[in-house]
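Here are my notes on this one, in the order I'd go through them with you. Keep the structure open beside you as you read.

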Amino acid sequence: MLTTERSKLIEGMSDLEKVWDMVVVGGGATGLGIALDAASRGYQVLLLEQSDFAKGTSSRSTKLVHGGVRYLAQGNIPLVREALYERGLLLKNAAHLVKKESFIIPNYDWWGGAFYTIGLTIYDILAGKLGFGKTIHINKKEVINRLPNIQKKGLYGGVVYYDGQFDDSRLAINLAQTCLEHGAIVLNYFKVINLTKNEQNKIEGLVGYDVETNKSYQIKGKIIINATGVFVDDLIQMDKPGEAPLVMPSQGVHIVLDNSFMPGEDALMIPKTEDGRVLFAVPWHDKLVIGTTDTPLNEHCLEPVALQEEIDFILRTTSQYLTKAPNRKDVLSVFAGLRPLAATQNGSSKSKEISRSHKIIISESGLITITGGKWTTYRRMAEDTVDKAITVGNLEGKPVKTKNLPIHGSEKNIDWKNHLYVYGTDRSALLELVNENKEWGNKLHPLANYVQAEVIWAVRHEMARTVEDVLARRVRVLFLDARQAIDMAPIVASLIADQLRKDKKWENDQVQSFNALAKSYLLEPYPLPD
Ligand SMILES: Cc1cc2nc3c(=O)[nH]c(=O)nc-3n(C[C@H](O)[C@H](O)[C@H](O)COP(=O)(O)OP(=O)(O)OC[C@H]3O[C@@H](n4cnc5c(N)ncnc54)[C@H](O)[C@@H]3O)c2cc1C
């Protein structure tokens, strides 16, 4: 089996003489996509992530693989067509993580049914052969049948359309594994702290800092790619201090509720809320994810916190559409993510994202920065970036391979009812761990399905290093039910400590820091163990 052992990967990275074809900074969707594109074409690739893979925006999305209905409303047909094409490829290449989802738009006026049926039929046509299902108009009775908790007063009917739904951070982890399978080295907890240049002021490498050992490494690369999301300006400042900022963050918040608030298989799409935004309520891993907001901020960080008004907005809007109105105590988890907005010269932000499509910027030093886009289009963004890198770095051209490249774990026959489906082709090997230690078949929590073997698997094969890595981005319970995650932290810490040969102090520190973090995913106090 492929090695994901940190010490071996660092050993492979630290050859001082080695000059990588491309060094990618940032281990979210964008960076991992680029590393995979380049490695699968046959280039020598290194990727460094300062925290865990997908710790940033890439674990905090609405979990949609979509063309973007609102971009259609804005008339941005090329962008929608591109995203719908990528949606189709993702369904094929990550079949274990991406599924078709039906969305219902309820209509409370007489014209809405016709309007959205026509609009979404165009959406279907734009998807061509990679369509997910045909848009249909349904009557009031059918809407109530499919969404029993929908507000019935004034309801005329509804429109059903299809898009995709996925698990974002699990896809990121599987992308990291696929990168390794194609010969790249990818490392989490490795922060880029400086760029190095030659006498002509061209970038020739960078300094990577191992967050676990506090050791720095000089790394040489023909091309350095800045794929750091809302952090892109930090690297641009290393390259050219005083350069005007490229992006400003805009926060998007989601709340998670028990699925009894909206039972059934369908998702709800509210096309126009009180401030004109779209709001989704999407079934996800037996829970309901509702979001999002769009709040410009002046600062970026790895762990953004939802504002009171954002939570109020989501609860208020949800209550207008569902008969079982949620309130703060019903919220199982709340999470926030940051989009990069285009910054203006005076430092404020424009109201549109830097890119409903993506942008690639080449600095005088040769640094390539990519920003914008979305999870759904990560593959296309990567292809464009690597094509650009080949030109800028004067590298031998090699054709893109990712259109038909299966992502680690991809398989077709999936039992969506078994929570282990997210492991795809790894599921049987994960279950075999119980032969090594039968206790690993035990549950992590009496009210949840997760088993101890998933923690062992995450450490041995998915590069998890901390309790948070496991509970937030491998089994997702922090995002689904933060209280349950807090309950699980001690057993998870002890299992990880055993695998990584850490002492009791490490274990206790892990539980404490996880609990402190998990508190920010809760709206009501939860008694934390001492
Ligand atoms: C609220 C919200 C909802 C969304 N919903 C959807 C959706 O449903 N569907 C969809 O397709 N898209 C969605 N998107 C968009 C999608 O999530 C993003 O486009 C995507 O995750 C961005 O990935 P990224 O890799 O560019 O950024 P990030 O995921 O933020 O990754 C950047 C990484 O760079 C690392 N980094 C920063 N500085 C350094 C350094 N010095 N050294 C090493 N590493 C560093 C960070 O730690 C971080 O992990 C949503 C976005 C938001 C904000």
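**Notes, starting at a helix**

1. Let's begin with R473, which lies in helix α13 (residues 467–474); helices here are DSSP runs of H or I with at least four residues, strands are runs of E with at least two, and both are numbered from the N terminus. Before going on, keep in mind that this is a predicted model, where local features need pLDDT of at least 70, side-chain atom pairs count only at pLDDT 80 or more, and totals for chains, interfaces and linings use all residues. Residues are numbered from 1 along each chain as its sequence is written, and side-chain values use heavy atoms, with hydrogens and water left out.

2. Is R473 buried or exposed? R473 is buried, at a relative accessible area of 1%. The cut-offs are under 20% for buried, over 50% for exposed, and partly exposed in between, with a 1.4 Å probe and protein chains only. The side chain of R473 also makes a polar contact of 2.9 Å with the side chain of E468. That term means a pair of N or O atoms within 3.5 Å; within protein, one must be able to donate a hydrogen and the other to accept it, and residues adjacent in sequence count only if both atoms are side-chain atoms.

3. Who else does R473 touch? Leaving out residues up to four places away in sequence, the list includes D52, F53, K55, R170 and Y189. Contact here means heavy atoms within 4.5 Å.

4. Next, helix α12 (residues 452–461), where nine of the ten residues are buried. Among them are V455, I456, W457 and V459. What do the buried residues of α12 pack against? They pack against α7 (168–181), α11 (427–436), α13 and α15 (482–500). After α12 comes M463, with a positive phi near 60°.

5. Now for the ligand, which has 37 residues around it; T30, E49, S58, L64 and T376 come nearest. A residue counts as near if one of its heavy atoms lies within 4 Å of the molecule. By class, this shell has twelve nonpolar, 19 polar and six charged residues. Ala, Val, Leu, Ile, Met, Phe, Trp, Tyr, Cys and Pro count as nonpolar, Asp, Glu, Lys and Arg as charged, and the others, Gly among them, as polar.

6. Look at the oxygen atoms of the ligand. One is 3.4 Å from a polar backbone atom of G373, and a polar backbone atom of W375 has a ligand oxygen at 3.1 Å. For T376, a polar side-chain atom lies 2.7 Å from an oxygen atom of the ligand. Taken alone, the ligand exposes 1,000 Å², and the protein buries 93% of that; these areas come from the Shrake-Rupley method with a 1.4 Å probe, and for residues only the protein chains shown count as cover. The elements giving two or more residues to the shell are α2 (29–41), β8 (190–197), β11 (247–258) and β16 (333–343).

7. Strand β16 also holds S333. S333 is buried, with a relative accessible area of 0%, and its side chain reaches the backbone oxygen of F479 at 3.3 Å. Apart from residues up to four places away in sequence, S333 touches H254, V256, L480 and Y521, among others.

8. A518, in helix α16 (residues 504–519), is buried too, at 0% relative accessible area. A518 touches L478, A482 and I486, not counting residues up to four places away in sequence. By contrast, P446 sits in the loop between α11 and α12 and counts as exposed at 69% relative accessibility.

9. Finally, some backbone angles to check. Most residues other than glycine have a negative phi, and most peptide bonds are trans. N214 has a positive phi near 60°; N214 is in the loop between β9 (203–210) and β10 (215–226) and is exposed at 53%. D286 has a positive phi near 70°, lies in the loop between β13 (279–284) and β14, and is exposed at 58%. The peptide bond from G291 to T292 is cis, with omega near 20°.
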